[in-house]
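Please read the following report alongside the sequence and the coordinates.

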Amino acid sequence: QNARERSPWIGFRYRFPWLLCNIVGGIWCALLVGRYEAFLDSVIVLALFIPVVLSLSESVSIQSTTITLQSLHHGRTSWGLLARALRREFVIAGLLGLGCGWLVATIAGLWKAEATVALAIGASIALAMLTACLLGVVLPMGVRAMRGDPRIAAGPVVLAVADVATLALYFSLAAWMLAPS
């Protein structure tokens, strides 16, 4: 019986546990931002770009997840399928990350006239998009390998993990690049 044929209560019980991934991921992100609070106070421009960095990462992770789910729907999970999908998505994610990172860095640089900050934002976007894209391939296949339903679980799991990884990369790279000499 598919999700559309279930009662609302059964649908809730089936989907709610996976949404807990988003709650846990969101709280983890809040704690991560809190860890960098003093750093953000000193480089406030980084806080202004958090929504852009997260939305790009989330978008590319969902795109990869959707493509992966389509391929899983048409066949069995195999190491060969995973390797081909990872190679393809790695190249696409690299190009997307470079393009989006360059564009946002250019805008940040023109707007705030802080070249190193702009470079940190652009590099973070490129790495975060690459990571999020790869998560969009690996995690749905992992859910399927564990006999879960990747159509329901993959989205919340991928988004939660991508958000945490994105913010960790963003703050770590920015802190490293902007550390006083």
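## Aromatic pairs and their surroundings

Tyr36 is buried, with a relative accessible area of 12%; here buried means under 20% relative accessible area, exposed means over 50%, and partly exposed lies in between, with a 1.4 Å probe and protein chains only. This is a predicted model, in which local features need pLDDT of at least 70 and side-chain atom pairs count only at pLDDT 80 or more, while totals for chains, interfaces and linings use all residues. Residues are numbered from 1 along each chain as its sequence is written, and side-chain values use heavy atoms, with hydrogens and water left out.

A search of the whole structure finds six aromatic pairs, where rings of Phe, Tyr and Trp (its six-membered ring) pair if their centres lie within 6.5 Å, and planes under 30 degrees apart count as stacked, over 60 as edge-to-face and the rest as tilted. One of these pairs joins Tyr36 and Phe171 in a stacked arrangement, with 4.9 Å from centre to centre and 20 degrees between the planes. Tyr36 lies in the loop between helix H1 (8-35) and helix H2 (37-42), whereas Phe171 lies in helix H7 (residues 150-177), so the pair ties together parts that are 135 residues apart in sequence; helices (H or I, at least four residues) and strands (E, at least two) are DSSP runs, numbered from the N terminus.

Phe171 is buried as well, at 0% relative accessibility. The ring of Phe171 also pairs with that of Tyr170, and this pair is tilted because the centres are 5.5 Å apart and the planes stand at 50 degrees. Ring pairs link Tyr36, Phe39, Tyr170 and Phe171 into a cluster.

Not counting residues up to four places away in sequence, Ser124 touches Leu169, Tyr170, Leu173 and Ala174, a contact being heavy atoms within 4.5 Å.

The table collects relative accessible areas for residues discussed in this report.

| Residue | Relative accessible area | Class |
|---|---|---|
| Tyr170 | 1% | buried |
| Ser124 | 1% | buried |
| Glu89 | 6% | buried |
| Ser71 | 26% | partly exposed |
| Phe12 | 41% | partly exposed |
| Ala113 | 66% | exposed |

## Surface features

Which residues make the nonpolar surface patch of about 1000 Å²? The patch is made by Trp9, Ile10, Phe12, Phe16, Leu19, Leu20, Ile23, Ile27, Trp28 and Leu31. Patches are made of residues with over 30% relative accessible area and no salt bridge, like charges being joined within 9 Å and nonpolar side chains (Val, Leu, Ile, Met, Phe, Trp, Tyr) within 5 Å.

Lys112 lies over the face of Trp111, at 4.5 Å from the ring centre; a charge sits over a ring if NZ of Lys or CZ of Arg is within 6 Å of the ring centre and within 35 degrees of the ring normal. Ala113 is found in the loop between H5 and helix H6 (115-145), and the phi of Ala113 is near 55 degrees, a positive value in a residue other than glycine. For context, most residues other than glycine have a negative phi.

## A buried charged pair

The whole structure holds one salt bridge, defined as a side-chain nitrogen of Lys or Arg within 4 Å of a carboxyl oxygen of Asp or Glu. Glu89 forms a salt bridge with Arg88, and the closest N and O atoms are 3.2 Å apart. Glu89 belongs to helix H5 (residues 79-112) and, leaving aside neighbours within four places in sequence, is in contact with Ser64, Ile67, Cys133 and Val137.

Ser71 has its place in helix H4 (residues 50-73). Ser71 and Leu81 are 10 residues apart in sequence, and their C-alpha atoms are 8.6 Å apart in space.

## The chain as a whole

The secondary structure of the protein chain comes to seven helices and zero strands, and along the sequence the pattern reads α-α-α-α-α-α-α. The C-alpha trace spans about 60 × 35 × 25 Å along its principal axes. Of the 181 residues in the protein chain, 39% are buried. Among contacts between residues at least 6 apart in sequence, 85% join residues at least 24 apart. The accessible surface of the chain comes to about 10400 Å², of which 68% belongs to carbon and sulfur atoms; accessible areas come from the Shrake-Rupley method with a 1.4 Å probe, and for residues only the protein chains shown count as cover.
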